[in-house]
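This briefing is intended for a reader who has the sequence and the model at hand. Please consult both while reading the points below.

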Amino acid sequence: MRKFFFFIISTVLCGTLNAQTQLTEYKPGVTPEGAVYFLPKAAFRITMQIEKTTYKPGDFTAYAQRYMRLKDVSQEPSTQYRIISYQLTPIAVVDSTKKYALKFNARTVAANVALSDDGRLLAINAEPTAIKEPTPFEPAPKKQRLNPRQLLTQEILSAGSTAKMAELTAQEIYDLRENRNLLIKGQADFMPKDGEQLRLMLHQIDAQDEALTSMFKGTYDCDTTEHSVAVCPDGSFERQLLFRLSQVYGLVDTDDLSGAPYYISVEDMQYVPTTVNDAAASKAKKKAYEAGVYVNVPGRMRVTLYQGIEAVLNTELPAPQFGNVELLSGDLFNKRYTTHLWLNPLTGGVERLEAEQPK
């Protein structure tokens, strides 16, 4: 049965152990002296940067074609949304089907067990591997614009009609552009003394030109926001609806047909052979009562994000839920030597294993 759902990561009460010995499968309501740990399963977070573009017509938009030769300038305000980037980040969550209890046993060497906040096993007799957190999103500062009304001359403001104001404003724009060309050619009446002064003068002319021209062609304001959706697959599935994006309203409910659909697919890459018969499954279940430490042997999954029928994101990730669980023998943690074990915090697989002979 294919399963697909969004999730909320739960917090599991856990503690740090001073000794480790026999492992037994944890059963709710049974709290032997020791602590419970879990192995993880893979999830992922799809993060999107969505750009919102707001158009506001200018005071003289109706005269844009007549005086400025600007075509197809809309006289109605509008808002448009679009996704400008996608990013997929793997994350780990507790696999509630892989829960074990560590019991004390005086015959084994004391072990320091490192657990995550939600109870996942990270390391034994070692500092756990740190996970690099993604850089928080910070929107770019908005560009400050000149107020075009502050640049209107007394002659423009005293004009008897909007059409006349538009005509005089257009003439002011053409004068600015002519002065700019004269400065570049070195033919202006008041030439700057050095290159820096020329740069400042040209920058000021450009800013005034842009502000006055916006009264004809309108203004566009862009705001970028970040949104993320978390997915935790328990099996393969094809083209499940993930979210909808409307060009007018942005992210909308999945049942709102005004938004274009985005689908997600997850494929088991069959990277690790799975249990093929009941006898093997029964044998694996009995191992839950053997001494040792259980770790994941992760498989792999392919994740594809579709915009309609077009694939816009495709990647492969390690996936413990598509792999197996293996037992590390308890002999590794007896008193003959000290064993250091590091698990991958995302997959629960062995990242490094070291043993030290006692002095």
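This is a predicted model: local features need pLDDT of at least 70, side-chain atom pairs count only at pLDDT 80 or more; totals for chains, interfaces and linings use all residues.

Residues are numbered from 1 along each chain as its sequence is written, and side-chain values use heavy atoms, with hydrogens and water left out.

**Helix α3**

- Helices (H or I, at least four residues) and strands (E, at least two) are DSSP runs, numbered from the N terminus.
- Helix α3 spans residues 162-185, a run of 24 residues. Its first and last C-alpha atoms are 35 Å apart, close to the 34 Å expected at 1.5 Å a residue; the expected span is 1.5 Å times one less than the number of residues.
- Among the buried residues of α3 are Ala163, Met165, Ala166, Ile173 and Leu183. Buried means under 20% relative accessible area, exposed over 50%, and partly exposed in between (1.4 Å probe, protein chains only).
- The cover over these buried residues includes α1 (64-68), α2 (154-157) and α4 (195-217), where contact means heavy atoms within 4.5 Å.

**Nonpolar cores**

- A nonpolar core is a set of buried Ala, Val, Leu, Ile, Met, Phe, Trp, Tyr and Cys residues joined through side-chain atoms within 4.5 Å.
- The largest nonpolar core has 24 residues, of which Phe44, Ile46, Leu242, Ile264, Met301 and Val303 touch the most other members.
- Strands that each supply at least two residues of this core include β2 (34-56), β7 (237-246) and β10 (292-307). The most comes from β2, which gives 5 residues.
- Phe60, Ala166, Ala188 and Leu212 belong to a second, separate core of 21 residues.

**Open sheet**

- An open sheet of 5 strands runs in the order β8-β7-β9-β10-β11, with antiparallel pairing; two strands pair if DSSP finds at least two bridges between them.
- The edges are β8 (250-252) and β11, each with a single partner strand, so one side of each is left without a neighbour in the sheet.
- Strands β7 and β9 run antiparallel and are joined by 6 bridges. Glutamine 240 stands opposite isoleucine 264 in β9.

**Threonine 61**

- Threonine 61 lies in the loop between β2 and α1, and counts as buried at 5% relative accessibility.
- Leaving aside residues up to four places away in sequence, threonine 61 touches Tyr55, Val73, Ser74, Gln75, Met215, Phe216 and Gly218.

**Salt bridges**

- The structure holds 16 salt bridges, each a side-chain nitrogen of Lys or Arg within 4 Å of a carboxyl oxygen of Asp or Glu.
- Glutamate 210 and lysine 143 form one of them, with closest N and O atoms 3.6 Å apart. Glutamate 210 lies in helix α4 and lysine 143 in the loop between β5 (121-124) and α2, so the pair ties together parts 67 residues apart in sequence.
- Aspartate 221 forms a salt bridge with arginine 145, the closest N and O atoms being 2.7 Å apart. This pair links strand β6 to the loop between β5 and α2, 76 residues apart.
- Arginine 177 and aspartate 209 meet in a salt bridge at 3.0 Å, N to O. Arginine 177 lies in helix α3 and aspartate 209 in helix α4, so parts 32 residues apart in sequence are tied together. Arginine 177 is partly exposed at 33%, whereas aspartate 209 counts as buried at 13%.
- Salt bridges that share partners join Glu267, Arg300, Arg302 and Glu316 into one network.
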